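Open the structure in your viewer and keep the sequence beside it. The stops below say what to select and what is there.

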Amino acid sequence: MLTSFLATRTHARTAARAPDAGIPLELARERSANLSDVRYALAFELIPGAAHVEGTLTLDFVVRDPKRGVVLDFAGENLWDAALNGTAFDAREARAANHVELPRRAVRAGSNRLIVRFRSA
């Protein structure tokens with residue numbers, strides 16, 4: 001779960017094909033060239049005997065070139081109440097396979113903050 005959110009990456013995504021699961025070396029290099037100062041805070045809601053874990057992620061990161069886009073890996077069950085730099089977006093619509101493409105209209109050069117609720121098994 002933790003690595004799901006930490007595995008952010010950027011790429012020039014085409015509408016016809018979502019990125020593959022995981023992080024190929026080429027995309028990891030591209031990501032490291034475009035993203036820096038990645039910091040996160042996770043708050044979990046732990047309920048004894050629950051089948052799922054829910055929580056909130058706050059992810060802060062710096063983007064050099066917002067035109068390259070930002071994609072997060074997420075292998076969990078569900079995402080909701082998502083906001084990037086104060087702009088709400090539907091994380092379900094932004095999700096493809098095990099990835100979430102952050103809305104380009106909200107990604108900016110410099111500091112960015114994503115806050116999102118999640119459910120994971």
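Which residues have the most contacts inside the largest nonpolar core? Select Phe61, Val70, Leu79, Leu84, Phe89, Leu102 and Leu114, in a core of 21 residues. A nonpolar core is a set of buried Ala, Val, Leu, Ile, Met, Phe, Trp, Tyr and Cys residues joined through side-chain atoms within 4.5 Å. Buried means under 20% relative accessible area, exposed over 50%, and partly exposed in between (1.4 Å probe, protein chains only).

This is a predicted model: local features need pLDDT of at least 70, side-chain atom pairs count only at pLDDT 80 or more, and totals for chains, interfaces and linings use all residues. Residues are numbered from 1 along each chain as its sequence is written, and side-chain values use heavy atoms, with hydrogens and water left out.

Next, colour strand S3 (53-63), which supplies four residues, the largest share of this core. Helices (H or I, at least four residues) and strands (E, at least two) are DSSP runs, numbered from the N terminus. The chain has three helices and nine strands.

Then select Leu114. Beyond its neighbours within four places in sequence, Leu114 is in contact (heavy atoms within 4.5 Å) with residues including Leu57, Phe61, Leu84, Phe89 and Leu102.

Move on to helix H2 (residues 25-34), where the buried residues are Leu27, Ala28, Arg31 and Asn34. They lie on the same side of H2 because they cover an arc of only 130 degrees around the axis, taken from the directions from the helix axis to the C-beta atoms. On the face of H2 turned away from its buried side, select the exposed Leu25, Glu26 and Arg29.

Finally, show the whole chain: 41% of its 121 residues count as buried.
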